[in-house]
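Please look at the sequence and the structure before reading on.

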Amino acid sequence: MNDLFYEMEGKQIQKMNKVLADVELTKAEEKTLIWLAGWEESTVDHLLSVIEKAARIRAD
């Protein structure tokens with residue numbers, strides 16, 4: 001793999017960490033999110049958007 005891929009993956013993980021900052025994850029969940037970080041940026045963005053929407057609904 002090239003450095004550009006790992007840079008993109010790192011940015012994806014940073015986005016996920018921002019959204020999931022206070023969420024306690026299992027090792028299996030962390031592994032899944034690391035795997036997901038390798039997917040297309042729009043896929044990760046859409047999933048994070050859904051998570052944020054669900055959190056707002058539950059907070060109300």
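## A buried charge

In this predicted model, Glu9 is buried but forms no salt bridge. Lys11 is the nearest side chain of opposite charge, and it is 13 Å away. A salt bridge would need a side-chain nitrogen of Lys or Arg within 4 Å of a carboxyl oxygen.

Which residues does Glu9 touch, leaving aside its neighbours within four places in sequence? The contacts are Ile34, Ala37 and Gly38. Ile34 belongs to helix α2 and is 25 residues from Glu9 in sequence, while their C-alpha atoms are 8.2 Å apart in space.

Glu9 sits in helix α1, which covers residues 3-19. The 17 residues of α1 should span 24 Å at 1.5 Å a residue, and the end C-alpha atoms are 25 Å apart, so the two values agree.

The buried residues of α1 are Glu9, Gln12 and Met16. Viewed down the helix axis, the buried residues of α1 fall within an arc of 60 degrees, and therefore they line one face. An α-helix has 3.6 residues a turn, so residues three or four places apart point the same way. On the face of α1 turned away from the buried side are the exposed residues Asp3, Leu4, Gln14 and Lys18. Helices α2 and α3 are among the elements that cover the buried residues of α1.

## The nonpolar core

How many residues make up the largest nonpolar core? There are 7 in all: Met16, Leu20, Leu33, Leu36, Ala37, Val44 and Leu48. At least two residues of this core come from α2 (27-36), and at least two come from α3 (41-59).

## The chain as a whole

The protein chain has 3 helices and 0 strands, in the order α-α-α from the N terminus. Its C-alpha atoms fill a box of roughly 45 × 25 × 15 Å along the principal axes.

Of the 60 residues in the chain, 15% count as buried. Among contacts with a separation of 6 or more, 73% are between residues 24 or more positions apart.

Definitions and conventions:
Residues are numbered from 1 along each chain as its sequence is written. This is a predicted model: local features need pLDDT of at least 70, side-chain atom pairs count only at pLDDT 80 or more; totals for chains, interfaces and linings use all residues. Side-chain values use heavy atoms; hydrogens and water are left out. Helices (H or I, at least four residues) and strands (E, at least two) are DSSP runs, numbered from the N terminus. Buried means under 20% relative accessible area, exposed over 50%, partly exposed in between (1.4 Å probe, protein chains only). Lys and Arg count as positive and Asp and Glu as negative; His and the chain ends are not counted. Contact means heavy atoms within 4.5 Å. A nonpolar core is a set of buried Ala, Val, Leu, Ile, Met, Phe, Trp, Tyr and Cys residues joined through side-chain atoms within 4.5 Å. The expected span of a helix is 1.5 Å times one less than its number of residues. The arc is that of the directions from the helix axis to the C-beta atoms.
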